[in-house]
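Please look at the sequence and the structure below, and keep both in view while reading. The paragraphs that follow lead through the chain step by step.

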Amino acid sequence: MSTQTRELSPQLLIERRMHEVIALGNYEAAYLFSEEGLPMAQAIRDPGQETPLVEVSLALQEIRRTIQQLAGVRQLKEIVVEGESKRVVFRFFRAFEQEVTLVVVVPRGKSYRQHTNRLQRAIAAFLDRETARIDALIEKIRQSIDLLREYRTALITAAVTGKIEVREAAVHHE
């Protein structure tokens, strides 16, 4: 992996993959939404094309949960909405420790499964790596906080027991 690729955010890496598939002609657009419906990444062939996919994605997440409860389906992975000239594929999966929705707009007659599977794996890998990196940073911060608390305790103990002189420091501070 090049230095430039490592410096890109997961969002930009995901969007780069999305644009690659769009350039092949297999997608008109691709979107990634968090479980709250927040856009996480997107790539659109025609940037002027605005769609209400956030609302549709949230509605389908709710439909998905309802189907799982009513039909006893353990995991509903995909919903495909067929139109005359295109289809919209809603793919549900876990990434970044949450349920996300990948939405792809596919022109009629174009295949999407192989590209969508690859994109899903790439998204999950990018987000899982980012989660691991953030978790490691959180652990380092926790260790630093613990170490600072130990230093504070040692400093207080040293001041109380007279091992360090604090009166002079207080006079110089004023």
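A residue counts as buried when its relative accessible area is under 20%, as exposed when that value is over 50%, and as partly exposed in between. With these cut-offs we can read a first residue in this structure, which is a predicted model. Pro 47 is found in the loop between β2 and α3, the helix of residues 53–71, and because its relative accessibility is 62%, Pro 47 counts as exposed. The C-alpha atom of Pro 47 is separated by 9.3 Å from that of Ala 29, although the two residues are 18 residues apart along the chain.

Of the 174 residues in the chain, 36% are buried. If we take the contacts with a separation of 6 or more, 51% of them are between residues 24 or more positions apart.

How are the strands arranged? The five strands form an open sheet with the order β2-β1-β5-β4-β3, and their pairing is antiparallel. The edge strands are β2 and β3, each of which pairs on one side only. Neighbouring strands of the sheet are turned against each other by 10° on average, if direction is ignored.

Two of the strand pairs can be followed residue by residue. Strand β1 is joined to β2 by five bridges, and the two run antiparallel; in this pair, Leu 32 stands opposite Ala 41 in β2. Helix α2 packs on the sheet, where it touches β1, β2 and β5, and its direction makes about 30° with that of β2. Helix α4 also packs on the sheet, touching β1, β2, β3, β4 and β5, and the direction of α4 makes about 30° with that of β4. The second pair consists of β3, residues 78–82, and β4, which run antiparallel and are joined by five bridges. Here Glu 82 stands opposite Arg 87 in β4, and a hairpin of three residues joins β3 to β4.

Helix α4 deserves a longer look. It covers residues 113–160, which is 48 residues, and it reaches 69 Å from its first C-alpha to its last, close to the 70 Å expected at 1.5 Å a residue. Which residues of α4 are buried? Among them are His 115, Thr 116, Leu 119, Ile 123, Phe 126, Leu 127, Glu 130 and Ala 158. As a general point, an α-helix has 3.6 residues a turn, so residues three or four places apart point the same way. The buried residues of α4 pack against α2 and against the strands β1, β2, β4 and β5. Just after the helix, Gly 162 takes a positive phi of about 85°.

The two helices α2 and α4 also pack against each other, at an angle of about 170° and with their axes 9 Å apart. Because an angle over 145 degrees counts as roughly antiparallel, α2 and α4 are therefore roughly antiparallel to each other. The contact is made by residues of α2 including Pro 10, Ile 14, Met 18 and Leu 24, and by residues of α4 including Leu 119, Ile 123, Phe 126 and Glu 130.

The largest nonpolar core has 25 residues, of which Ile 14, Met 18, Tyr 27, Leu 32, Phe 93, Leu 102 and Ile 123 touch the most other members. At least two residues of this core come from each of α2, β1, β2, β4, β5 and α4, and α4 gives the most, with six residues. Leaving aside its neighbours within four places in sequence, Leu 102 is in contact with residues that include Met 18, Leu 32, Phe 93, Leu 119 and Ile 123. Apart from this core lies another, of twelve residues, among them Ile 44, Leu 76, Val 88 and Val 105.

Not counting residues up to four places away in sequence, Glu 99 touches Ser 34, Glu 35, Gln 61, Arg 64, Phe 93 and Arg 94.

Terms used
Residues numbered from 1 in each chain as written. Predicted model: local features only at pLDDT ≥ 70, side-chain atom pairs only at ≥ 80, totals over all residues. Heavy atoms only, no water. Helix = DSSP H or I, 4+ residues; strand = E, 2+ residues; numbered from the N terminus. Expected span 1.5 Å × (residues − 1). Buried < 20%, exposed > 50% of the residue type's maximum accessible area, 1.4 Å probe, protein only. Contact = heavy atoms within 4.5 Å. Pairing = 2+ DSSP bridges. Axes fitted to C-alpha atoms, helices over the stretch in contact; angles between N-to-C directions. Core = buried A, V, L, I, M, F, W, Y, C linked by side-chain atoms within 4.5 Å. Parallel < 35°, antiparallel > 145°, perpendicular 65-115°, else oblique.
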